[in-house]
Amino acid sequence: MALPATDIRVPSAEFALLARNIDGHPITYLDAAATSLTPQTVVDAIVDYYTNHRASVHRGVYPLIVEATELYEGARERIAAWLGSTPQETVFTANATASLNLVAHSWGRANLQPGDTVLVTEMEHHSNLVPWQLICAERAAELVYVPVLDDGTLDLDAYERLLALEPRLVCVAHVSNVLGTINPVAEITRLAHAAGALVVVDGTQAVPQIPVDLHEIDADFYAWTGHKAYGPTGIGVLHGRRELLQAMPPFISGGHMIKQVCEASSTWTDLPGKFEAGTSQIAEAIGLGAAVDFIQEIGIESIRAHELALTTQLLERLAELPGLHVHGPLDATKRGALVSFAIDGAHPHDIGEILGREGVCVRTGHHCAQPLMRRLAVGSTTRASFAVHNTTEDIDRLMNALESVRRVLVL
Ligand SMILES: Cc1ncc(COP(=O)(O)O)c(C=O)c1O
C-alpha cells in the first residue's frame with residue numbers, strides 16, 4: 001500500500017503511465033526534475049484543442065480562430081496571474097533554454113559593452129551559462145563566477161564582494177538542478193539592484209516545486225520550462241519587466257511579431273507578440289495552462305509540503321547507507337525535491353542501470369552542469385527527484401534497488 005508523505009491525494013487516473021510494469025516491475029518514477037509525467041487533464045486539454053478547436057491564433061476572424069485564440073491567451077493569463085506577472089510580460093518560448101537565449105541575444109547584444117561584467121554562479125545549468133559565454137565573447141564582456149560553498153549553498157559573501165565589480169547582469173538559478181539548493185533570489189536581486197545590475201533568474205526547477213511570487217523576487221527576467229511543470233514539451237516561459245522588454249530588439253523575426261513591414265525596415269507589434277515570431281505553440285500553451293490549473297487545484301503549498309516530507313525521508317534513509325554521500329544541503333528545507341548522491345566505488349551510470357532493471361527511474365550524468373561537476377570533483381552524479389505522485393513506497397523501492405547496487409557491484 002503506497003503511503004503518501006502527506007494527505008495529498010492525486011487521482012491515480014491522472015498518471016496512467018504509473019500503472020505500467022516494466023519487466024515485471026512497477027514504474028518508480030523519480031525523475032521529475034528531468035521531465036515530469038503528464039497529468040491526464042493536461043493530455044485532455046491538448047486533445048480537446050486538436051479535436052474541437054483546431055485553428056491558428058490571432059490571424060483571421062472566423063469563430064474557430066476566436067475560440068483557439070481565447071484558449072491560447074486564456075492560458076497565458078492564468079499562467080501570468082499564478083506567478084504574479086502580467087500577460088504582456090509573459091512570453092511563450094520553446095523552453096527555458098530558449099527563454100534564456102532570448103535575454104542573452106536580445107538584451108545582451110543590445111546592452112553589453114566591452115569590459116562589462118556578467119555574474120553567473122558555479123551551480124548554473126548550461127542553459128544559464130553557455131548563452132552568457134557566447135554573448136560575453138561577442139561583446140568582449142567578462143563572465144565571472146560566484147562560488148559554491150562546500151555545503152552546496154552559494155557563497156553570498158563572495159557574491160557581495162563581486163558586486164563591487166559593478167556587473168551589468170547577475171544570472172542565477174532559483175533552485176539548483178544538481179544540489180537542490182534553493183537560492184535566496186529575492187535577496188540576491190535586491191543586492192544586485194542596489195549595485196546597478198539587472199537579474200536573470202532561471203526558475204526551471206522552482207516553478208513546479210515551491211511557491212514562486214515574481215513580485216516579491218522582483219527579478220528583471222525569470223525563465224522556466226513547461227515540461228518539468230506537468231506541461232507538454234516544446235513550451236517555455238520568459239517573464240520580463242515591461243520597460244526592458246519594450247526597449248529590447250526582437251530576437252527571432254518573421255511573421256506575427258511585426259506591426260508594419262516596409263521594403264527596407266519593419267516595426268514591431270506590442271508585447272508579448274514582439275518576441276513570439278511565427279505560428280504560436282498553441283497546443284503546448286493550452287497544455288501548460290492546464291498544467292498550471294492542475295498545480296493550483298492541488299495547491300503549490302501542498303505540493304511543497306508533500307515533496308518536502310519525501311525529501312526529508314529520503315535524506316534520512318540515504319544517511320543510513322555506508323559509502324553514500326549526498327551533494328548539497330542536508331537540511332531538506334533548504335532544498336527542492338531532488339537529491340543527488342555518490343556511492344563509493346560505484347559509477348553513476350552503473351547505479352542508474354541497476355536501478356532501472358528494477359523499474360526505478362533516476363537521472364545519472366553531469367546534469368548539464370559541468371562547471372559544478374568540477375567544483376564537486378566528480379564526473380557525474382545520480383539524482384532522484386520527486387513530484388506530486390510520489391509516495392514513501394517509491395523511497396522504499398529506491399532503497400531496495402540501492403541494496404541491489406551494493407550486491408551486484410560487491411560494495
Ligand atoms: C535548472 C535548469 N535550467 C534550465 C534547464 C533547461 O530546461 P529546458 O531543457 O527545458 O530548456 C534545466 C533542465 O534540466 C534545468 O534543470
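Good morning. I begin with a pair of helices: helix 3 and helix 4 cross in a right-handed sense. Please keep in mind throughout that this is a predicted model.

Helix 3 covers residues 96-111 and helix 4 covers residues 130-139; their axes lie 9 Å apart, at an angle of about 15°. Angles under 35 degrees count as roughly parallel, and the two helices are therefore described as roughly parallel to each other. Where they meet, helix 3 contributes residues including Leu-100, Val-103 and Ala-104, while helix 4 contributes, among them, Pro-131, Trp-132 and Ile-135. Sorted by class, this contact has six nonpolar, three polar and three charged residues.

I turn now to salt bridges, of which the whole structure has 18.

Arg-76 and Glu-73 are both buried.

Next, Arg-241 forms a salt bridge with Asp-220, at 2.9 Å between the closest N and O atoms. This pair links distant parts of the chain, 21 residues apart, and each partner is in a loop. Is Asp-220 buried or exposed? Its relative accessible area is 3%, so Asp-220 is buried. Arg-241, at 23% relative accessibility, counts as partly exposed.

Finally, Lys-259 bridges to Asp-270, the closest N and O atoms being 3.2 Å apart. Lys-259 lies in strand 11 and Asp-270 in a loop, eleven residues apart. Both Lys-259 and Asp-270 are exposed.

Thank you for your attention.

Key:
Residues are numbered from 1 along each chain as its sequence is written. This is a predicted model: local features need pLDDT of at least 70, side-chain atom pairs count only at pLDDT 80 or more; totals for chains, interfaces and linings use all residues. Side-chain values use heavy atoms; hydrogens and water are left out. Axes are lines fitted to C-alpha atoms, for helices over the stretch in contact, and angles run from 0 to 180 degrees between N-to-C directions. Helices (H or I, at least four residues) and strands (E, at least two) are DSSP runs, numbered from the N terminus. Angles under 35 degrees count as roughly parallel, over 145 as roughly antiparallel, 65 to 115 as roughly perpendicular and the rest as oblique. A crossing is left-handed if the near helix is turned anticlockwise from the far one by less than a right angle, and right-handed if clockwise. Contact means heavy atoms within 4.5 Å. Ala, Val, Leu, Ile, Met, Phe, Trp, Tyr, Cys and Pro count as nonpolar, Asp, Glu, Lys and Arg as charged, and the others, Gly among them, as polar. A salt bridge is a side-chain nitrogen of Lys or Arg within 4 Å of a carboxyl oxygen of Asp or Glu. Buried means under 20% relative accessible area, exposed over 50%, partly exposed in between (1.4 Å probe, protein chains only).
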